[in-house]
Structures are given as structure tokens and as C-alpha cells.
Amino acid sequence: MGFFTDIWYVWVCVGLLIIIGIVSSIYAASKERQCPFCLEIIPKAAIVCKHCKRDVPKM
Ligand SMILES: [Zn+2]
């Protein structure tokens with residue numbers, strides 16, 4: 001393994017970590033939404049807001 005091969009390997013690892021971070025944040029965002037009343041973040045499947053206890057329209 002030469003010097004440039006090692007650098008390439010490091011950059012591939014860094015790139016994979018960045019891609020995993022972006023994908024996981026998009027995945028987490030797709031499972032959450034904002035309560036229309038108190039504007040707190042609640043699960044997308046929620047029918048009652050856990051923060052203000054109000055009924056929220058099911059998506
Ligand atoms: Zn709420």
C-alpha cells in the first residue's frame with residue numbers, strides 16, 4: 001500500500017460516513033413532522049401530540 005492508496009482509502013471512509021449521516025438524517029426526518037398547534041416535533045404516525053395533548057390530523 002503506497003501513500004496515495006492510503007489517502008484514497010481514508011477519503012472513501014470519510015465519504016461513506018458523510019453519506020450515512022445524510023441518509024440517516026433524511027430517514028429520521030421522514031418519520032417526524034411538526035405539530036400544527038405547539039410546533040414541537042412529533043412522530044408522523046401520531047394522532048395525539050405528546051407535548052400539547054391535542055388531536056393532530058393523521059397523515
Ligand atoms: Zn402539540
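Visitor: In which helix does valine 14 lie?
Guide: This is a predicted model, and the assignment refers to its computed secondary structure. Valine 14 lies in helix H1.

Visitor: What distance separates the C-alpha atoms of valine 14 and phenylalanine 37?
Guide: Valine 14 and phenylalanine 37 are 23 residues apart along the chain.

Visitor: How far apart in space are isoleucine 19 and proline 57?
Guide: In sequence, isoleucine 19 and proline 57 are 38 residues apart. From C-alpha to C-alpha, the separation of isoleucine 19 and proline 57 is 33 Å.

Visitor: How many of the 28 residues of H1 are buried?
Guide: Burial requires 20 or more other C-beta atoms within 10 Å. H1 lies largely in the open, because the number of its 28 residues that are buried is zero.

Visitor: What is the distance between the end C-alpha atoms of H1?
Guide: At 1.5 Å a residue, the 28 residues of H1 should span 40 Å.

Visitor: Where is lysine 31 found, and with which residues is it in contact beyond its neighbours within four places in sequence?
Guide: Lysine 31 is found in the loop between H1 and strand S1 (32–34). It is exposed, because 9 other C-beta atoms lie within 10 Å. The C-alpha atoms of lysine 31 and alanine 46, 15 residues apart along the chain, are separated by 10 Å. Leaving aside neighbours within four places in sequence, the contacts of lysine 31 are Pro43 and Lys44.

Visitor: What is the phi of leucine 39?
Guide: Leucine 39 is found in the loop between S1 and S2. It is exposed, because 11 other C-beta atoms lie within 10 Å. Although leucine 39 is not a glycine, its phi is positive, at about 65°.

Visitor: Near what value is the phi of lysine 53?
Guide: Lysine 53 lies in the segment after S2. With 9 other C-beta atoms within 10 Å, lysine 53 is therefore exposed. Its phi is positive in a residue other than glycine, with a value near 65°.

Visitor: What pattern does the chain follow along the sequence?
Guide: The chain has one helix and two strands. Read along the sequence, the pattern is α-β-β.

Visitor: What is the radius of gyration of the chain?
Guide: Along its principal axes, the C-alpha trace spans about 60 × 15 × 10 Å. A compact globule of 59 residues would have a radius of gyration near 10 Å. For the chain, the radius of gyration is 20 Å.

Visitor: What percentage of the contacts between residues at least 6 apart in sequence join residues at least 24 apart?
Guide: Buried residues make up 2% of the 59 residues in the chain. Among contacts between residues at least 6 apart in sequence, the share that joins residues at least 24 apart is 3%.

Visitor: Where is confidence highest in the chain?
Guide: The chain averages a pLDDT of 92, and 98% of the residues score at least 70. Confidence is lowest in H1, at a mean of 91. It is highest, at 95, in strand S2 (residues 41–43).

Definitions and conventions
Residues numbered from 1 in each chain as written. Predicted model: local features only at pLDDT ≥ 70, side-chain atom pairs only at ≥ 80, totals over all residues. Buried ≥ 20, exposed ≤ 12 C-beta atoms within 10 Å, placed from the backbone. Contact = placed C-beta atoms within 7 Å. Rg over C-alpha atoms; globule rule 2.2 N^0.38 Å. pLDDT = per-residue confidence, 0-100. Expected span 1.5 Å × (residues − 1).
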